[in-house]
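Look at the structure below and keep it in view while reading. The text goes through the helices, the sheet and the core in turn.

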Amino acid sequence: MAEVIAEARKLSKQYKDTKALDDINFKLKRGNIYGLVGKNGAGKTTLLRILTGQAFQTEGNIALFGESSYEGLSKGRKRIGAIIEEPGFYSDMTAEQNLEYYRIQRGIPGKRCVQEALKEVSLLDTGNKKFSQFSLGMKQRLGLALALMNKPEILLLDEPINGLDPFGIVEIRNLLLKLNQEKKITMLISSHILSELSNLVTFYGFLDQGKLIKQLSEEELSAECSKYLEVKVDKAERLAALLEIKLGCHAYKVTSDYSIHIYEYLNQPEIVSQMAVQNGIGLSSIGLKEMSLENYFMQLVGGNVDETIYEK
Ligand SMILES: Nc1ncnc2c1ncn2[C@@H]1O[C@H](COP(=O)(O)OP(=O)(O)OP(=O)(O)O)[C@@H](O)[C@H]1O
């Protein structure tokens, strides 16, 4: 079992009129890339800010590396790198000059860490180029270099992919994967776009109006978003019984009295429809459906959309 290196227990944060976090329980395990997904205002930044000590909870507590005392948290925070707000880089300074400025300001000993961090994010060769001449992707990577300077074990990244073009998204995603796999850095990454995190995240938490409404692994999410036959009938329970008895099929989910999702026979819906009709079940429709990541998210946080591939 992987070690829990950051944890929130019954964590709430009340701003004057807003409950930004409401009874959050979550665990970040070593080696994981945890994706925190929620619409704007869901509370993602607030959670990250509490972990870094930039904000304080009104109820509950947090633990870092198993420690929840004031001293323990201060020590733990030295092992974290974070990009929560856009770091204020100087536009007329180079990548190296900007990092050197922050190195001194933060009291990080040894100049070498600047070059090492720039190397990690492939910005060593930017030479005299000023920050103002950087692409958005380069600016994001410099932010990441800043967060890497203290050789963190955990990276907390607030919307690191926001605003990037598709090329920039792939670049940052690959970089984060490399840091996770080669440097064994555990990550907590927030986003308001679920699909941005795919191919990157190992565990998801969905935050809505301050509540962590669902947590699941990448495999579980893929299974929930897989293709299925949606069958609308007059008696879903009876169809379920027939699926088991007549077809030996257990891969189904009854979603209402009149609807059932079947994860087999995707290319042979007629097997299901014939069996239903032959056994006196009223069939009103059968169609192949697939839940996209964004639609899954919408369904969780209030919308209700899905995609039909074909309808019979
Ligand atoms: N300093 C503050 N004072 C009052 N309310 C705040 C403060 N910071 C955040 N909030 C409120 O708390 C709620 C959660 O905000 P938070 O920034 O954590 O959400 P978020 O999911 O990160 O969204 P976004 O991506 O838009 O930043 C919002 O309703 C926000 O308006």
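Helix α1 (residues 44-52) lies across β3 (33-37), β5, β6 (154-158), β7 (186-191) and β8, and runs at about 145° to β6. Helices (H or I, at least four residues) and strands (E, at least two) are DSSP runs, numbered from the N terminus. Angles run from 0 to 180 degrees between N-to-C directions, and axes are lines fitted to C-alpha atoms, for helices over the stretch in contact. This is a predicted model, in which local features need pLDDT of at least 70 and side-chain atom pairs count only at pLDDT 80 or more, while totals for chains, interfaces and linings use all residues. Residues are numbered from 1 along each chain as its sequence is written.

The strands β5-β6-β7-β3-β8-β9, in that order, form an open sheet of 6 strands with mixed pairing. Two strands pair if DSSP finds at least two bridges between them. At the edges are β5 (80-83) and β9 (211-217), each of which pairs on one side only. Strand β8 (residues 203-208) and β9 run antiparallel and are joined by 6 bridges.

The largest nonpolar core has 63 residues, of which Ala145, Leu156, Met187 and Leu188 touch the most other members. Such a core is a set of buried Ala, Val, Leu, Ile, Met, Phe, Trp, Tyr and Cys residues joined through C-beta atoms within 7 Å; buried means that 20 or more other C-beta atoms lie within 10 Å of a residue's own, with C-beta atoms placed from the backbone. Helix α5 (residues 136-148) gives the most to this core, with 6 residues.

Definitions and conventions:
Buried ≥ 20, exposed ≤ 12 C-beta atoms within 10 Å, placed from the backbone. Contact = placed C-beta atoms within 7 Å.
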